[in-house]
Amino acid sequence: MNVKLSFARFFRHCPHGHSRRTLLLAFTLTILGMPFTPAFSPPLVNHLLSEDTLTINIDCTQTSGTITPYAEINCGPLPIHYVKDGADLTEQYRNLGISCVRTHDFCGPTDVSEIFPRWNADPSLASSYNFTRSDRCITGIINAGCEVFYRLGESASDDPALREPPENFSKWAEICKHIVMHYNDGWNNGYHYNISYWEIWNEPDLSGFWNSTADEYYRLYHITATTLKEYNESLKIGGPCTSSIDNENFTEGFLRYVKTHNLPLDFFSWHLYADTPHDFFTASQKVRTMLDSYGFAECENINTEWNINILTPQRDKDNARNAAFTACTLTVFQDAAIDHAFRYRGTQDNNWLERLLGFDLGLFAYDGTYKTPALSYLAMHYMARDSPIRLATPPMDASKGITYLAGIAEDKANITVLITNFESEDTTCTLTITNLPWNGSYRAVHYLIDDRHHLEITGNETSLSNYTATFMLKRNTVQFIRLTNATSIPDEGPPVAPIPFLLRLRILDPFTRMLGILLLMLIFG
């Protein structure tokens, strides 16, 4: 990736404000050799219990809805077009059960400016459009068995022209309508992909994407949403795709405008790069409450970008810490009143400077090798596929860093439990599962994700009675337990990409952070 694009992403993903003041503070403390903890960062999670013990009792007759895997992602599965020898991730996406892909940051393909390259052209003419590279990406998503969540707008770019609002909002809306026509109704040698979700722009609260006012974005949304709905009222149209739900202009201000003008809003989209999984729960609940208070009870609550805090070192984006963060977050989403959640991102390039500075957010290495956090998606896929009926579990406080989720198959052949420790102290855990649906013997298979075990089996035994196990739930680990009377069990995880020695050197953290901040200040002035 163009280095400037990477730095642009870093700057815009500094949580809750994205201010140069925050960057300057970080830079100053780094120079002084002091650790930088942003003011918005909560303290490290506390012990689950003072005695560092945890008891989980599960009754197989007590169910509680269904499990949602939240297997949605930004980018892919085809490699980024400018990455030499980049891997096709179609098989990996299928293995993880990825269900939907958002078309953001393909860096050209699917962007409006590439599809309609000459602004002075006639939007009604097929000859005005170039769908070549975009067709390849969209068809790649479909061929992987995924749905498409189409972001209308532009990728992160160092081209200032792409940060400006369209010269003519009505014309831009017509162009968007013809993109819909191409992919849904076969126009211009197109397709019939029946893409439902259409998101208007990306992060207009940031000047790096929208160098104008909130009122101007409201107008763009107004005209585009109306145009698309007039063409096909069954389309799901939404926004504002805000980088911060604390920005009043792009939360309540936006909703007031939409309500006052009686505009369609099928979904409200927002982003968060968080310090703890519990942050997603509180943020999602806040969005849901806000939507309901403005009369948008039927409006879907969709997070279209999420990941761990961008300020963390690269190793903590690739190792078991992020795997625990991921599994804990996927568990938290089950009760967060959120309809969809798109991880940022699947594919990534092979820029060494980007990785040194900690800007690589991909689930996979550029060559297609899994990173450890991808194993949490694999575990969740196994769970939702083989035991989708949720079993009731004891109340939990995700702010303490320990979460658990349990499910059972419709035919009662499988029971699965996922237990995660993110940044909590090592805890003795006793798991008891009663009222098992089998009269005969069954297998109990224990898998582990940590920095040495990559969803690997650490225990495999046969039992005849109710299940009880006591084990140490260590910090930043994921425990996946499968009870079954079937003959097959889930495969162990694949090999994961090693973390280079240089990225494991904590002594370099202040220097890499300083370098990143210096370059950001140089780029953004």
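Modeller: E300 is a buried residue, because its relative accessibility is 14% and the cut-off for buried is under 20%. Keep in mind that this is a predicted model. E300 lies in strand 9, which covers residues 300–308.

Look at the side chain of E300 next. It makes a polar contact of 2.9 Å with the side chain of Y197. Another polar contact, of 3.4 Å, links the side chain of E300 to that of H340. Leaving out residues up to four places away in sequence, E300 touches Y197, K236, D266, F267, F268, R288, L291, D339 and H340.

Now follow the strands that lead away from there. Strand 6 spans 197–200 and strand 7 spans 236–242. Both pack against the buried residues of helix 7, as do strand 5 (147–152), helix 6 (169–185) and helix 8 (252–260).

Helix 7 runs over residues 214–231. Its 18 residues should span 26 Å at 1.5 Å a residue, and its end C-alpha atoms are 26 Å apart, so the two agree. Which residues of helix 7 are buried? They are A214, Y217, Y218, L220, Y221, T224, A225, T227, L228 and K229. An α-helix has 3.6 residues a turn, so residues three or four places apart point the same way.

Pick out Y221 from that list. Beyond four places in sequence, Y221 touches I200, T226, I237, G238, G239, F254, V258, L263, P264 and L265. Y221 also belongs to the largest nonpolar core, which has 104 residues. Within this core, Y150, I179 and Y221 touch the most other members. Helix 13 (residues 372–386) gives the core its largest share, nine residues. A second, separate core has 25 residues, including I56, C60, I408 and I415. The general background is simple: in soluble globular proteins, nonpolar side chains tend to be buried together.

Helix 6 deserves a stop too. It is mostly covered, with 14 of its 17 residues buried. From first C-alpha to last, helix 6 reaches 23 Å, close to the 24 Å expected at 1.5 Å a residue. At its start, a side-chain oxygen of N168 comes to within 3.0 Å of the backbone nitrogen of S170. Just after helix 6, G186 has a positive phi of about 80 degrees.

The peptide bond joining G239 and P240 is cis, with omega about 0 degrees. G239 is also one of the residues that Y221 touches. Another cis peptide bond joins G76 and P77, again with omega about 0 degrees. P77 is in the loop between strand 3 (72–74) and helix 3 (90–96).

Positive phi values come next. Most residues other than glycine have a negative phi, and most peptide bonds are trans. Y70 has a phi near 50 degrees, a positive value in a residue other than glycine. This residue is in the loop between strand 2 (63–66) and strand 3. Y70 is buried, because its relative accessible area is 5% and the limit is under 20%. D105 has a positive phi as well, near 60 degrees. Its place is the loop between strand 4 (100–102) and helix 4 (112–115). At 0% relative accessibility, D105 counts as buried.

One more strand residue is worth a look. N421 is in strand 13, residues 414–421. Its relative accessibility is 0%, so N421 counts as buried. Beyond four places in sequence, N421 is in contact with A324, G401, I402, D426, T427, L473, K474, R475, N476 and T477.

Finally, step back to the whole chain. It has 14 helices and 18 strands. Of its 525 residues, 59% are buried. Among contacts with a separation of 6 or more, 76% join residues 24 or more positions apart. The chain exposes about 20500 Å², and carbon and sulfur atoms supply 51% of that.

How far can you trust the picture? The average pLDDT is 89, and 89% of the residues score at least 70. Over residues 1–50, pLDDT stays under 50. The model has 120 contacts beyond four places in sequence for that stretch. Where pLDDT is low, the predicted coordinates should not be read in detail.

Technical notes: Residues numbered from 1 in each chain as written. Heavy atoms only, no water. pLDDT = per-residue confidence, 0-100. Contact = heavy atoms within 4.5 Å. Core = buried A, V, L, I, M, F, W, Y, C linked by side-chain atoms within 4.5 Å. Buried < 20%, exposed > 50% of the residue type's maximum accessible area, 1.4 Å probe, protein only. Helix = DSSP H or I, 4+ residues; strand = E, 2+ residues; numbered from the N terminus. Expected span 1.5 Å × (residues − 1). Polar contact = N/O pair within 3.5 Å; in protein donor to acceptor, adjacent residues only side chain to side chain. Areas by Shrake-Rupley, 256 points an atom, 1.4 Å probe, with all protein chains shown as cover.
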